[in-house]
Amino acid sequence: MTRKQRRLTMIAGALAVLAVAAALVLNAMRSSIMFFTTPGKIAEQHIAPGTKFRLGGLVEKGSLVRGDQLKVNFEVTDGSAKVPVAFQGILPDLFREGQGVISEGSLDSSGVFHADTVLAKHDETYMPKAVADELKKEGHWKDDYGNASKSNYGKTSAADAPGGVR
């Protein structure tokens, strides 16, 4: 074997090892990445009981039931379907009925989603793009979600300056 052939063989071998390593890393990352699923898509995707995933949607009005020892039950909806959620722990301060929520957990065999984590949106105008797109697709989008006026928090005008005129 000539020097040129050995060099090409080494390069080809190194590229093959690099490709296998990249495939293994990407395969490992795929199983740990979690996107949220809406209640309507749970039946379509045939999610097996015990599989961890994120459930996103709106907390159904009138569905929030608080129990003993920080147990909370509520329903998450996307307008086309509802999923009952059971959670034990402290809910975020901004959690309330009619608001956007993303819960991380798994379904049990009876179809109840047991949440390990509950995340609420951070203010009255924020909505994750994916949730907004899903609401638009389902026909439950309100124009004031995206067109809400911006708050003036942290902004000053000439009238606010010392000696300013109102």
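In the predicted model, residue K61 is found in the loop that joins strand β2, spanning residues 52–59, to strand β3, spanning residues 65–66. K61 has a relative accessible area of 64% and therefore counts as exposed, since the term applies to values over 50%. When residues up to four places away in sequence are left aside, K61 touches E97 and G98. The C-alpha atoms of K61 and F74 lie 9.0 Å apart in space, while the two residues are separated by 13 positions in sequence.

The relative accessible area of S103 is 0%. S103 is therefore classed as buried, because that class takes in values under 20%.

Helix α1 comprises residues 3–32 and includes R3. With a relative accessibility of 67%, R3 counts as exposed. On the surface, R3 gathers with K4, R6 and R7 in a patch of positive charge. L18 is likewise found in helix α1. This leucine, L18, has a relative accessible area of 56% and is exposed. Together with L8, I11 and L15, residue L18 forms a nonpolar patch on the surface, and the accessible area of these four residues comes to about 420 Å².

With regard to the chain as a whole, the secondary structure consists of four helices and seven strands. Read from the N terminus, these elements follow the order α-β-α-β-β-β-β-β-β-α-α. Among contacts in the chain with a separation of 6 or more, 49% are made by residues 24 or more positions apart.

Key: Residues are numbered from 1 along each chain as its sequence is written. This is a predicted model: local features need pLDDT of at least 70, side-chain atom pairs count only at pLDDT 80 or more; totals for chains, interfaces and linings use all residues. Side-chain values use heavy atoms; hydrogens and water are left out. Helices (H or I, at least four residues) and strands (E, at least two) are DSSP runs, numbered from the N terminus. Buried means under 20% relative accessible area, exposed over 50%, partly exposed in between (1.4 Å probe, protein chains only). Contact means heavy atoms within 4.5 Å. Patches are made of residues with over 30% relative accessible area and no salt bridge: like charges are joined within 9 Å, nonpolar side chains (Val, Leu, Ile, Met, Phe, Trp, Tyr) within 5 Å. Accessible areas come from the Shrake-Rupley method with a 1.4 Å probe; for residues, only the protein chains shown count as cover. A salt bridge is a side-chain nitrogen of Lys or Arg within 4 Å of a carboxyl oxygen of Asp or Glu. Lys and Arg count as positive and Asp and Glu as negative; His and the chain ends are not counted. The place of a charge is taken as NZ of Lys, CZ of Arg, CG of Asp or CD of Glu.
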